[in-house]
Amino acid sequence: LLIDPPNGRIPPLTEAGKKRIADIAARRSKFGEFDHPEMRTLAERCLLSFGSNGGPPMLPNYFYNNNYTIVQTNDHLMILTEMVHDARIIPIGATTHRPSRIRPWFGDSIGRWEGDSLVVETINIHPLQLEQLSYWWSAYRGASEDLKVIERFTRSGRDTIRYRFTIEDPSTFTTPFTGELL
């Protein structure tokens, strides 16, 4: 899945990233696992899909319901995830993001065409998404609110799309990393 760095491993966390994860774990340890619904995962509460197949990045959950419906108009792209029916609506051609105080579940995405690839840049991902540390939700691994995800959708065949994503968060990871699915 990971193509950069070449060793296929997520880069080490920075000291700030390690501290953030420790702080999240410390906050959660004050409560029992079933003390209140907020201690349960977003997926268990049916707020978002299991894992990160809704994105960004869109990673398969390795169980089922990893299908997508992609609809494109002249100025928007909609990606509907089968699991929990998560929908991302991405404006194409926008040049600015919403203010950082607005943090939708899937972040604020804007798309642009670079040749045959649709490039989607997402920032301002909802803080509750970033705090998901469980085995089933490891896409962000305690990333900061400065996280940026860059996705590239390129048709590689009549019925296939090459999906590439890059995670950038210098306050959490020592270097950016990139993954790819076909």
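This is a predicted model: local features need pLDDT of at least 70, side-chain atom pairs count only at pLDDT 80 or more; totals for chains, interfaces and linings use all residues.
Are Tyr 163 and Phe 165 buried or exposed? Both residues are buried. A search of the whole structure finds 3 aromatic pairs.

**Aromatic pairs**

- Phe 153 and Tyr 163 form a tilted pair, because their ring centres are 5.2 Å apart and their planes meet at 50 degrees, a value that falls between the limits of 30 degrees for stacked and 60 degrees for edge-to-face.
- This pair links distant parts of the chain, with Phe 153 in strand β7 (residues 148–157) and Tyr 163 in strand β8 (residues 160–168), 10 residues apart.
- Phe 153 and Tyr 163 are both buried.
- Tyr 163 also pairs with Phe 165; this pair is likewise tilted, at 6.1 Å centre to centre and with 35 degrees between the planes.
- One aromatic cluster is formed by Phe 153, Tyr 163 and Phe 165.

**Cis peptide bond**

- The peptide bond between Asp 4 and Pro 5 is cis, with omega at about 10 degrees.
- Pro 5 belongs to the loop that runs between β1 (2–4) and α1 (15–29).

**Positive phi at Asn 124**

- Asn 124 has a phi near 60 degrees, which is a positive value in a residue other than glycine.
- The loop between β6 (117–123) and α2 (127–130) contains Asn 124.
- Asn 124 has a relative accessible area of 5% and is therefore buried, the cut-off being under 20%.

Terms used. Residues are numbered from 1 along each chain as its sequence is written. Side-chain values use heavy atoms; hydrogens and water are left out. Helices (H or I, at least four residues) and strands (E, at least two) are DSSP runs, numbered from the N terminus. Buried means under 20% relative accessible area, exposed over 50%, partly exposed in between (1.4 Å probe, protein chains only). Rings of Phe, Tyr and Trp (its six-membered ring) pair if their centres lie within 6.5 Å; planes under 30 degrees apart count as stacked, over 60 as edge-to-face and the rest as tilted.
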